[in-house]
Amino acid sequence: MLPKHPDERPEAVPANQSDLLQRSVRAFGLLRTRAPRVQCLTNTVAQQITANTLLALGARVSMASHPAEVVAMSETADALLINLGTPDAARLDAVAALSRSQRVQSKPVLLDPVFVEHSALRTDAARTVLGWKKVVVKANATEASYLFPRHAPFPEGVAAMIVTGAVDHIHVGSVTDHPHVAISNGDPLMTKVTGLGCALGAVMAAVWAVEDDPIIAAMASLLTLEIAAELAARKSSGPGTFAATLLDTLTTIEADIILRHAKIHV
């Protein structure tokens, strides 16, 4: 994430970018008013910060992982997060159970393929989810290039790919498609708090539950969390105070703040 100077002001957004930004802010508002429930099958180290982040933004959260109940909990949720950070036997069995439910496969799903390039077990689980009908993938550059080699088209059910980094890129079709949306908000302290990237995936799932356009949902999620991080960093003395201040900032952040600080490029 790029550091921001307190006195820095975003440049004027061209008309087409302005329209995307306005739609993203409206999606953020829908998240607050509709309070979608996200069923998070996520890694153990990220559960608390993921739940707190969703609650701070006004969403609801469940974290069922037992294969005997995960399908029922997922079928009644508004969206799903599948995070492969700690793929124990129960979570892998849960993914297999979810893949047998047509209702689950038709819901908005955010896949976070953590360290997928290091393990065949993670790769197999990721491939299973990529076969569902309505998937957005959030990955770093290494994970993205492993799952989708250069010029390889996305599977039919993959609606978008968000490649995170110092600048975040939102792609459709393939990771080499142009045009795409780039967002340069954020703060380096985000990389110092365990599970915050995983929480971002849950926020994306929550917004996609209320916004049909995955590009707009991704933009709204990235802008909200990363602008809040910039503001929280200015009041923090290190990662510990930053994590707490970020939750406070997410609770109170408003649309006009997002509009004022957004840094996007198409």
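Helices (H or I, at least four residues) and strands (E, at least two) are DSSP runs, numbered from the N terminus. The structure is a predicted model, in which local features need pLDDT of at least 70 and side-chain atom pairs count only at pLDDT 80 or more, while totals for chains, interfaces and linings use all residues. Residues are numbered from 1 along each chain as its sequence is written, and side-chain values use heavy atoms, with hydrogens and water left out.

The largest pocket holds about 560 Å³ of space. On a 1 Å grid over the protein atoms alone, a pocket is an open set of points with protein on both sides within 12 Å along at least five of seven lines, whereas a cavity is a set of points where a 1.4 Å probe fits but cannot get out; lining residues have an atom within 4 Å of a point. Grid points are joined across faces, edges and corners, and a volume is the space filled by probe spheres set on the points. The largest pocket is lined by 22 residues, of which Lys138, Asn140, Thr164, Gly197 and Cys198 are the closest to its centre. Strand 5 (135-140) and helix 8 each contribute at least two residues to this lining, and the largest share, 4 residues, belongs to helix 8. By class, the lining comprises 10 nonpolar, 9 polar and 3 charged residues. Here Ala, Val, Leu, Ile, Met, Phe, Trp, Tyr, Cys and Pro count as nonpolar, Asp, Glu, Lys and Arg as charged, and the others, Gly among them, as polar.

Helix 8 (residues 196-208) also packs against helix 2 (residues 47-56), their axes coming within 8 Å and crossing at roughly 40°. Helix 2 is therefore oblique to helix 8. Axes are lines fitted to C-alpha atoms, for helices over the stretch in contact, and angles run from 0 to 180 degrees between N-to-C directions. Angles under 35 degrees count as roughly parallel, over 145 as roughly antiparallel, 65 to 115 as roughly perpendicular and the rest as oblique. The crossing of helix 2 and helix 8 is right-handed; a crossing is so named if the near helix is turned clockwise from the far one by less than a right angle, and left-handed if anticlockwise. Helix 2 contributes Ile49, Thr50, Thr53 and Leu54 to the contact, and helix 8 contributes Leu196, Cys198, Ala199, Ala202, Val203 and Ala206, where contact means heavy atoms within 4.5 Å. This contact has 8 nonpolar, 2 polar and no charged residues.

The axes of helix 8 and helix 9 (residues 214-234) come within 8 Å, with a crossing angle of roughly 135°, so helix 8 is oblique to helix 9. This crossing, too, is right-handed. Leu196, Leu200, Val203, Met204, Val207 and Trp208 of helix 8 meet Pro214, Ala217, Ala220, Ser221, Leu222 and Leu225 of helix 9. The contact contains 11 nonpolar residues, 1 polar residue and no charged residues.

Helix 2 packs with helix 10 (residues 239-252) at an angle of about 25°, the axes being 8 Å apart. The two helices, helix 2 and helix 10, are therefore roughly parallel to each other. Asn52, Thr53 and Ala56 of helix 2 meet Leu247, Leu250 and Thr251 of helix 10.
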